[in-house]
Amino acid sequence: MKIQFIGGARTVTGSQHLLFINGKKILLECGLFQGRRKDTYEKNKNFIFNPAEIDVMLLSHAHIDHSGNIPNLVRNGFNGFIYATSATVDLCQIMLRDSAYLQDRDIQWINKKRKKKNQPPIEPLYTIEDVEKAMENFIGIQYNKKIDLYPGISATFRDAGHILGSASILLEVEESDGKKIRLGFTGDIGRPVMPVIRMPDELRDLDAIIMESTYGNRLHSPSEDVEEELASVVRQCISEGGKIIIPAFSVGRTQLLVYMLHKLFDQNRIPEVPIYVDSPMAVNATNVFRAHPECYDRETIRVFVENGEDPFGFERLKYVKNVEASKELNTKEGPFIIISASGMAEGGRILHHLSNGVGDPKNLVLFVGYAAEHTLARRIMDGSKEVNIFGEKHVIKCKVKKMDYFSGHADQGELFEYLRLNKKEKLKNIFLVHGEESQSLPFREKLVRAGYKNVQYPVSGEKVEI
């Protein structure tokens, strides 16, 4: 067995790992690289392998940095099955279409600029038609049900607790010489204390693991303090008549925020204030959440489902579907709350809300998740006094706050705890992926000090043998 690390290696985007097992090529993930356009377009467009030679693909969850380049993979010759949980398949139906739409719009804007410079036009990575074709390759499966991929190779999807339908994947392999290997791929590991979806089901008794390390050097805020911290933030901004602008991923983070605000309203811990979810994809994704209560945790089922309530809808909440209603929010006086995509502020309606809101000291931009290097969200998070939005400079006068609790990624302590069901003498290979150096290397040192052997932090393109 060999593993080639391609994307998600020493970075948090573009997740892509290629397995060579018993003459088969198995691709784990096919995500989009995100960041500076000039750096990512060619990287996303061109694969370092021949897609037509890939036999099968396994997908942990629907986030675009894990799934977003699948239509391009199919467009370039891949014609195998794509295994994912049923909820992930449903989410990909909307997320990949949205990705194609955004690319088409983005490319039109780029080509207008290229035409002025007498440069030839470029084409999007894929189209809606490519998405439709790719979706034909998906096969939805259940958690904890072993599937035989090929003789001597099976896969079992365990709940990763990251977003709806997210999975960690156990690969059980018997090589031609009779050697047996249990390889784990964590995907993105969720947090055991988060509401709505179930806690992670740890992979165990492994010989090797490919493990995410997004927050490998960070500890999240204690969960018992978070509800009151959020309530306090909302009360303060509302009392000043400001807007709370929350860049949030349409899948996972948005539903979690809506759920928690619902709970705070019901407990009279925050005042009456309109809340707008301004993301067409978030509207569609929330409908997918409603369709998969089998993924909910006990509290969500007990508090809402058994009482006949919708955990993602209440009277103060409005889902914004059309562009005109979205534009009206930019001239509407506060106080109110806007939750809008994307979480990294690299596209979507959030850019309009930021461009119209960051210059007002009464407003608050609240970040509730991780942002990759070189993204607009990261620059604002890191304290930039001035940013470029739609080619225009904007001075940051608003308040800026980060609440790391809402991250769907496990922190250092939770990542370390994830390995507890594996014996150190058996777990001979740990490969840390999906993490920047500032996070992954300290986590690597923690694992080495704890006695774990052969903890590696592979570079893109590196190939190792198990």
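I started with the lining of the largest cavity: nine nonpolar residues, six polar and two charged. (Here Ala, Val, Leu, Ile, Met, Phe, Trp, Tyr, Cys and Pro count as nonpolar, Asp, Glu, Lys and Arg as charged, and the others, Gly among them, as polar.)

A note on the model: it is predicted, so local features need pLDDT of at least 70 and side-chain atom pairs pLDDT 80 or more, while totals for chains, interfaces and linings use all residues. Residues are numbered from 1 along each chain as its sequence is written, and side-chain values use heavy atoms, without hydrogens and water.

Back to the largest cavity: I noted a volume of about 150 Å³. Its lining has 17 residues, and His 162, Pro 195, Ile 197, Gly 252 and Leu 256 are the closest to the centre. (On a 1 Å grid over the protein atoms alone, a cavity is a set of points where a 1.4 Å probe fits but cannot get out; lining residues have an atom within 4 Å of a point. The volume is the space filled by probe spheres set on the points, which are joined across faces, edges and corners.)

Next I looked up aromatic pairs and found five in the whole structure. Phe 81 and Tyr 83 have ring centres 6.1 Å apart and planes at 70°, so they are edge-to-face. (Rings of Phe, Tyr and Trp, its six-membered ring, pair if their centres lie within 6.5 Å; planes over 60 degrees apart count as edge-to-face.) Tyr 83 is buried at 12% relative accessible area, and Phe 81 is partly exposed at 47%. (Buried means under 20%, exposed over 50%, partly exposed in between, with a 1.4 Å probe and protein chains only.)

Definitions and conventions: On a 1 Å grid over the protein atoms alone, a cavity is a set of points where a 1.4 Å probe fits but cannot get out, and a pocket is an open set with protein on both sides within 12 Å along at least five of seven lines; lining residues have an atom within 4 Å of a point. Rings of Phe, Tyr and Trp (its six-membered ring) pair if their centres lie within 6.5 Å; planes under 30 degrees apart count as stacked, over 60 as edge-to-face and the rest as tilted.
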